[in-house]
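Here are a few notes to read alongside the structure.

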Amino acid sequence: MTIKYLEIENFRGIAKGKIEGFTQLNILVGKNNSGKSTILEALAIALDPELLSEIIKRRGWYGLDTVLSIFRLRDDKKEIKISVDDRVTFIKRKISYAKDAEFLIKSYNFSEDMITLDSKTLKDERVEKHFRCYFDPEGKVHILHQTEPKLLSPNIIFIDSLSIYDKTPIDAYNSVFEHGYKAHERLIKVINTVYPEIKDIRLFSEKIGLEVIYEHGKVPFFAMGDGFKSAYIYLAYLMSIENGYILCEEPENYQHPSSRRLIVKGIVESAKRNQIFISTHSLELIDDILSEAENIDIKFFVPSLDENGILTYYSFDKEEAEFRRKELEADLRG
Ligand SMILES: Nc1ncnc2c1ncn2[C@@H]1O[C@H](COP(=O)(O)OP(=O)(O)O)[C@@H](O)[C@H]1O
Ligand SMILES: [Mg+2]
């Protein structure tokens, strides 16, 4: 269940590298361009190879070159290899099957140009999942030739600023309720640590949306502050899965200090039920996590990428983090 190990070859900026010793809550910390996001993206693909097209498009769509940019130095002759524990996924560029191309052009208005990627996941040398995805110049994607659509790790979410703005508060509310009232209660309990005056959050109507219940009255959710709203959606993502994996890209982005603390409380609560990986370059976020996380195992990983794309890192645990704070500060701000 808990991933311990990740190995990456030829993916984005990483020519080669491995990271070992993951625990419940893993914090990838480092300056810009040190490989943090690439590590999160590699984990996402390893856990659910079908996230590949989302991962490719998450930085935006810039034509077919966007697809090639996942290969290191755009060298699509070399395959990408991502391993976690005993499972390995290979991603290769392939020539499109003529009959697929014809079908996509006819049925989905694909243009003649397209890029085909082939993803194969093996476990103990047996194929667990195999599919091809086709990208056209407008960014339309189709997955064809799937092996039985078997979910390798059904419970995985990747949270970045885009996913926060993609989801409406009602979607967020409903995704929590998919896990029952207990999950909603946990969410309110987390909110109460920073906003004890909030009694509940409920669905008022499809038109008005959610409302926030105080002891002496109600406020429509849309009238709450922006920081609170995005923190609520973030918390809802964190509470919406169990026994799964959550990948959080720079949770500090666009957050006010009080909503940052709220999100940290949510991360710590969610880490009791899920394995979490966070990327950050915020010392403040790290301080918040250190002061909140008493009963969970935390490990920090500081990656760096050299000019040949070799990924190295050092790691340390919670106790050591207190001593290393100065060093981290120099690393982040230096
Ligand atoms: N296809 C690629 N080939 C070579 N280097 C790449 C490629 N894609 C991204 N990079 C490099 O990877 C680095 C960005 O990695 P990233 O994981 O986004 O960093 P971080 O999240 O730590 O800021 C940059 O130095 C960039 O030049
Ligand atoms: Mg990044």
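1. A word on burial to begin with: a residue counts as buried if 20 or more other C-beta atoms lie within 10 Å of its own. By that rule, buried residues make up 37% of the 334 residues in the protein chain. Please keep in mind that this is a predicted model.

2. Along the principal axes, the C-alpha atoms fill a box of roughly 65 × 50 × 35 Å.

3. The protein chain has 11 helices and 16 strands. Of the contacts between residues at least 6 apart in sequence, 67% join residues at least 24 apart.

4. Do have a look at the open sheet of 7 strands, ordered 2-1-4-5-6-7-8 with antiparallel pairing. From one strand to the next, the twist averages 15 degrees.

5. Within this sheet, strand 5 (residues 87-94) pairs with strand 6 (residues 115-123) over 8 bridges, in the antiparallel sense. Thr 89 has Thr 121 of strand 6 as its bridge partner. Helix 1 (residues 36-47) lies across strands 1, 2, 4 and 5, at about 105 degrees to strand 1.

6. Lastly, helix 10 (residues 283-292) packs with helix 11 (residues 318-333) at an angle of about 175 degrees, their axes 11 Å apart. The two are therefore roughly antiparallel. Residues making the contact include Leu 283, Ile 286 and Leu 290 of helix 10 and Leu 328 and Leu 332 of helix 11. By class, the contact has 6 nonpolar, no polar and 3 charged residues.

How values were computed
Residues numbered from 1 in each chain as written. Chains lettered and ligands numbered in written order. Predicted model: local features only at pLDDT ≥ 70, side-chain atom pairs only at ≥ 80, totals over all residues. Helix = DSSP H or I, 4+ residues; strand = E, 2+ residues; numbered from the N terminus. Buried ≥ 20, exposed ≤ 12 C-beta atoms within 10 Å, placed from the backbone. Contact = placed C-beta atoms within 7 Å. Axes fitted to C-alpha atoms, helices over the stretch in contact; angles between N-to-C directions. Parallel < 35°, antiparallel > 145°, perpendicular 65-115°, else oblique. Nonpolar A, V, L, I, M, F, W, Y, C, P; charged D, E, K, R; others polar. Pairing = 2+ DSSP bridges.
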